[in-house]
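Please look through the sequence and the model shown below before reading on. The paragraphs that follow take up the helix packing, then the nonpolar cores, and then a few individual residues.

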Amino acid sequence: MIDTCEKAVAKVPGYLFILDSRGLARALTWDTAGAISDFQAFVDWTDNYKSKAKRQKWIDELRAGKNPFTEEVLKDLRGE
C-alpha cells in the first residue's frame, strides 16, 4: 500500500487526496512523522470543516504517541 501511495504522490504531487491516503499508509506503518506531515498538508488545504477536524484529531493523537486508527475508525474509512 505504501509503495502505491509513494508512486501516486510522485506522479501527482499537488493532489492532496493522495497525500491524505499516504498519511494513512504511513501511520499504519509507524511512520508517524510522515503521517503527521501528510495530514497537516491536507488540513492546511481543505475547507471542509469535518475533514479538517478529523485529520487534526489524528495529528494530535499521533503526536501524543497514540494510534488513532482503531478497527472502528478503519471500518468507517472503508465506507467513505
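The axes used here are lines fitted to C-alpha atoms, for helices over the stretch in contact, and the angles between them run from 0 to 180 degrees between N-to-C directions. In this predicted model, the axes of helix H1, residues 2–11, and helix H2 come within 9 Å and cross at roughly 150 degrees. Since angles over 145 degrees count as roughly antiparallel, that crossing makes H1 roughly antiparallel to H2. The contact is made by Ile 2, Cys 5, Glu 6, Ala 8 and Val 9 on the side of H1, and by Ile 18, Leu 19, Ser 21, Arg 22, Ala 25 and Arg 26 on the side of H2. By residue class, this contact of H1 with H2 divides into seven nonpolar, one polar and three charged residues, and the crossing of the two helices is left-handed.

H2 also packs against H3, and here the axes come within 8 Å and cross at roughly 150 degrees; H2 and H3 are therefore roughly antiparallel to each other. H2 passes H3 in a left-handed crossing. From H2 the contact draws on residues including Leu 16, Phe 17, Leu 19, Asp 20, Leu 24 and Ala 27, while H3 contributes, among them, Ala 35, Phe 39, Phe 42 and Trp 45. The residues of this contact comprise 10 nonpolar, two polar and four charged.

In soluble globular proteins, nonpolar side chains tend to be buried together. The largest nonpolar core here has 12 residues in all, namely Leu 24, Ala 27, Ala 35, Ile 36, Phe 39, Val 43, Trp 58, Ile 59, Leu 62, Phe 69, Leu 74 and Leu 77. At least two residues of this core are supplied by each of helix H2 (16–28), helix H3 (32–45), helix H4 (49–63) and helix H5 (71–79), and the largest share, four residues, comes from H3. Apart from this core lies another, of five residues, among them Val 9, Ile 18, Leu 19 and Phe 42.

Ile 36 touches Ile 59, Leu 62 and Arg 63, when residues up to four places away in sequence are not counted. Ala 27 and Phe 69 are 42 residues apart in sequence, yet 8.3 Å apart in space from C-alpha to C-alpha.

Leaving aside neighbours within four places in sequence, Asp 20 touches Phe 39, Phe 42 and Arg 55, while Arg 55 is in contact with Asp 20, Phe 39, Phe 42, Val 43 and Glu 80.

A last stop is the loop between H2 and H3, which holds Trp 30. Trp 30 has a positive phi of about 65 degrees although it is not a glycine, and at 59% relative accessibility Trp 30 counts as exposed.

Conventions. Residues are numbered from 1 along each chain as its sequence is written. This is a predicted model: local features need pLDDT of at least 70, side-chain atom pairs count only at pLDDT 80 or more; totals for chains, interfaces and linings use all residues. Side-chain values use heavy atoms; hydrogens and water are left out. A nonpolar core is a set of buried Ala, Val, Leu, Ile, Met, Phe, Trp, Tyr and Cys residues joined through side-chain atoms within 4.5 Å. Buried means under 20% relative accessible area, exposed over 50%, partly exposed in between (1.4 Å probe, protein chains only). Contact means heavy atoms within 4.5 Å. Angles under 35 degrees count as roughly parallel, over 145 as roughly antiparallel, 65 to 115 as roughly perpendicular and the rest as oblique. A crossing is left-handed if the near helix is turned anticlockwise from the far one by less than a right angle, and right-handed if clockwise. Ala, Val, Leu, Ile, Met, Phe, Trp, Tyr, Cys and Pro count as nonpolar, Asp, Glu, Lys and Arg as charged, and the others, Gly among them, as polar.
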